[in-house]
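Here is a short tour for anyone who likes to check geometry by eye.

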Amino acid sequence: GLSTGSLPSLRDLSIYFGPFMEGIQGAGSRQLGEVLSTRTFPSLRNVSLCWSPNQTFGALCEGLSQGSVASPVLLNIALSQIWSYDIAWHARRADRAMVPFADAIRAGKLTGLQAVEFGSPMLLSSAQVGGEVFGGALTHADARLTSLEEVELSGSQKGLAEVFDSMSRGPGLLPALRKLHCCSRSPLGVNGTRYLSEIVSVGKVPSLKDLCLNVSGCGQEGMAAFAAALSSPRISALRQLDVTFGAASDGPAGSHALAAELGLFSQALGGGHLRRLEELQVHGLVAIEEVRALCVGLGGGSLTSLRLLDLCDIPLGSEGGRALSEVVIAEKLPELRILKLTSTSLTDEGLTALKEAWLTVSRLPSLLQRLRMNRNMLTSAVEDTLSALFASPRMTALYQVDLGGNDQIGNSSRSSLCDKFPDITYF
């Protein structure tokens, strides 16, 4: 149908080629790529291809290389999950998918590429040269990826480091890239963190607005590079930052080292170049020293546009609640509207500290609208604390509080809160 030219009004084309089609020969895939890149479709604007990363995808890319896919046609490519954990199986197939894809990009055949997603961490983990050639293709002088807006990657530390190393060494830029996500289950390690930080620092991604990465185990060297990137004027477009931390080793030594890394991160938060940051999500902290180090950066007064703060799964307890109460106030975070504290072990004492900070008359009224405190350690004793918070004229913007999963809040207290504040309280 595509090759006959009988679809003059076709605007959006989506094709899914699943992993269970592995046995199909690549001739059809190659022909499809050739038709898409050599024929003219007057109304076509969006092409989405979800493919299993095997030789059939390689054949598709060979077909796409016969012509070109360029604006106004925008191409989204997603390489789907691989349903095997046989490393040797992947090693035989990954490069057959990655190398032709990189060749097509490097030759300037896919200038309309808008988004790339690697759904399987096994792809970059098992590729022999695929990660390196793919990263190098993205910033190759002839690639001209002026439409590329989104890149989502997952893989091993080695595979991700190869991608970012090659990207950092290429002469080209990605002027439209606004979203760069590295799967939270894929730690970058010291090298991957350094190379990614270099990409940001030298201005290869000047429009970056949404960054997600796992810096677990990156050490002082990796964190220093990341902090330098966040302290660079080149990061000023960033709006959303999602960071997963983690100690390189267990025990007090690992926790102490992680707290030192958080200190570097906090310096960057307060450095002044993240004034446009609107959403911050932090994961992986395990000790109160790390929480305190983070709060130093949050309270530095530089995050003047921050609207959402997500600290889910961080052990706040009582001490963390008190430390946080000094920073989630209008003087420090004037635009804060959403605070997520799910599964933080927040206690009655921690919530009391937050309430007292928000209701202190000498401070500016809070503009907080949504507060999530589900799955914590709150008890029925917080009924009076919450009642005072909900009824206060200093918290008039607050319209939703999620308390679900706090099993120690009894039925009587739940009923009382819901009766008095039915529009605010959620269990």
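Helix α12 covers residues 348–359, and at 1.5 Å a residue its 12 residues should span 16 Å; the end C-alpha atoms are 16 Å apart, which agrees. The expected span is 1.5 Å times one less than the number of residues. Helices (H or I, at least four residues) and strands (E, at least two) are DSSP runs, numbered from the N terminus. Please keep in mind that this is a predicted model, where local features need pLDDT of at least 70 and side-chain atom pairs count only at pLDDT 80 or more, while totals for chains, interfaces and linings use all residues. Residues are numbered from 1 along each chain as its sequence is written, and side-chain values use heavy atoms, with hydrogens and water left out.

Which residues of α12 are buried? They are Asp 348, Gly 350, Leu 351, Ala 353, Leu 354, Lys 355, Ala 357 and Trp 358. Buried means under 20% relative accessible area, exposed over 50%, and partly exposed in between (1.4 Å probe, protein chains only). These buried residues pack against α11 (317–325), β11 (338–340), β12 (370–372) and α13 (383–391), with contact meaning heavy atoms within 4.5 Å.

Now to the strands. Strand β1 (residues 12–17) runs parallel to β2, joined by 6 bridges, and Ser 14 has Ser 48 as its bridge partner. β2 also pairs in the parallel sense with β3 (residues 74–79) over 6 bridges, where Val 47 stands opposite Leu 75. Two strands pair if DSSP finds at least two bridges between them.

| Largest | about 240 Å³ | 9 nonpolar, 5 polar, 2 charged |

Of the 16 residues lining the largest pocket, Leu 36, Arg 39, Thr 40, Phe 41 and Val 73 are the closest to its centre. Helix α1 (residues 27–38) gives the most to this lining, with 3 residues. A pocket is an open set of points on a 1 Å grid over the protein atoms alone, where a 1.4 Å probe fits, with protein on both sides within 12 Å along at least five of seven lines; lining residues have an atom within 4 Å of a point. Grid points are joined across faces, edges and corners, and a volume is the space filled by probe spheres set on the points. Ala, Val, Leu, Ile, Met, Phe, Trp, Tyr, Cys and Pro count as nonpolar, Asp, Glu, Lys and Arg as charged, and the others, Gly among them, as polar.
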